[in-house]
Amino acid sequence: MSRKGIESLIAMVESSRVFAEDSGCSKVLPFVTSALREASNCDDVIAECKDETGVELRVLSGTDEARGTFLAARRWFGWSAGALSVFDIGGGSVELSCGRDEEPEVALSIPVGAVRMAREFGPTDVAGIRRYARAEIGAVIGEVLRRGPYDRAVATSKTFKMLGRICGAAPSADGVFVRRVLSREKLQEAIATIVELPIEKRSELAGVSVGRAPQLLAGAVVAESVMDLAGVNELELCPWALREGIILNYLDHLEYFESGSIKARKIGQRMRLQPEALDAAELDSRGLDA
C-alpha cells in the first residue's frame, strides 16, 4: 500500500473512531478486506494504524468475506428462501457462496474485483476484462454449480446495487423492502451503453457516483461474466451485505451469562427484569454458581 493510501486509511479510521465515540457507541468492529489483505506491507500498516488511532484492524480472509456475506443474505431472505447462491463484487475480489443453512457449503473469493479490473485493463477494454474474469471465475464456478439447483440467486454489494439501478431497479428512496432485480439481458445492454461514454459522463447515469464511475464498466463486465458462467439470468438484489454479516455474527456470539447454559441465561434475563425475584441463594438452590 502506498504512503498516500496508508494516510487515507488512517484518517478514515480516526474519523470513524471519533464519530463512534461521539455517538455513544461502546464497541466497534474494524475490518479490512482484499485491498489491505494482499498488500505486502499489510502488517506494518495495521501496526501504524493502531499506533496512530488506537484501533486494531482485523484482516478478513476471502473465505470469511464470503461467509459473512452469505450470512447477511440468509438472514435477510430467511429460511423460506431455501437454497441460496450469493454473489458479491468488491473492489479487489468477487465472493461466491452457496448453501441451504446459515453456514455456506461453499465460500470462495476470486481476485477479479471492480477496482482491480479497472486498474488492470482501463476504462474501455471490455474484451480484456471479460477474458480474464471468465478464466478466473470459470476455474472455480463448478464448486457452486455442483451443489445446485438453487431456489434463489442473490447479489449483494454496492456494485450490484449500482448496476441494478442503471438497469431499472427502484431507487433507494423507495425503501429496502421493494423487490429489486438485475437481469443479464439488461446488463448486457447497459455494458454496450457504458463503454461508449467517457468516464465523466458515466457518473450521470442513475445510481452512479463520481467516485465509482471509473470502475463502473469493469464491475458490469465482471457481473455479466459471473451470471453467465453460473447460468443465472436474474439476480435478486439484497440490501444487506458483508457489513451486516459481520454485525450479525458478532451479535450471535455475545456472552450473556458466564456459565453459558440456556438455563443460566434465562435466569439471568429474569434477574435483569426482576432483580428482587432471584438472589444468590435461589441461584445456588437451582444448582448454579452465583
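**View 1. The outward side of helix H5.** On the face of H5 turned away from its buried side sit Arg119 and Glu120, both exposed. Bear in mind that this is a predicted model.

**View 2. The buried side of helix H5.** H5 runs over residues 114–121, and here Ala114, Met117 and Ala118 are buried. Look down the helix axis and the buried residues fall within an arc of 100°, so they line one face of H5. The general rule behind this pattern is that an α-helix has 3.6 residues a turn, so residues three or four places apart point the same way.

**View 3. What H5 packs against, and what follows it.** The neighbours of the buried H5 residues are strand S3 (84–89) and the helices H6 (126–138), H8 (158–166) and H11. Glycine 122 comes after H5, and its phi is positive, near 85°.

**View 4. Glycine 231 in its loop.** Between helix H11 (216–230) and strand S8 (234–237) there's a loop, and glycine 231 is found in it. With a relative accessible area of 59%, glycine 231 counts as exposed, because the cut-off for that is over 50%.

**View 5. Zooming back out to the whole protein.** Of the 290 residues, 41% are buried. Take the contacts with a separation of 6 or more: 68% of them are between residues 24 or more positions apart. The accessible surface is about 15400 Å², with 51% belonging to carbon and sulfur atoms.

Definitions and conventions:
Residues numbered from 1 in each chain as written. Predicted model: local features only at pLDDT ≥ 70, side-chain atom pairs only at ≥ 80, totals over all residues. Heavy atoms only, no water. Buried < 20%, exposed > 50% of the residue type's maximum accessible area, 1.4 Å probe, protein only. Contact = heavy atoms within 4.5 Å. Areas by Shrake-Rupley, 256 points an atom, 1.4 Å probe, with all protein chains shown as cover. Helix = DSSP H or I, 4+ residues; strand = E, 2+ residues; numbered from the N terminus. Arc of directions from axis to C-beta.
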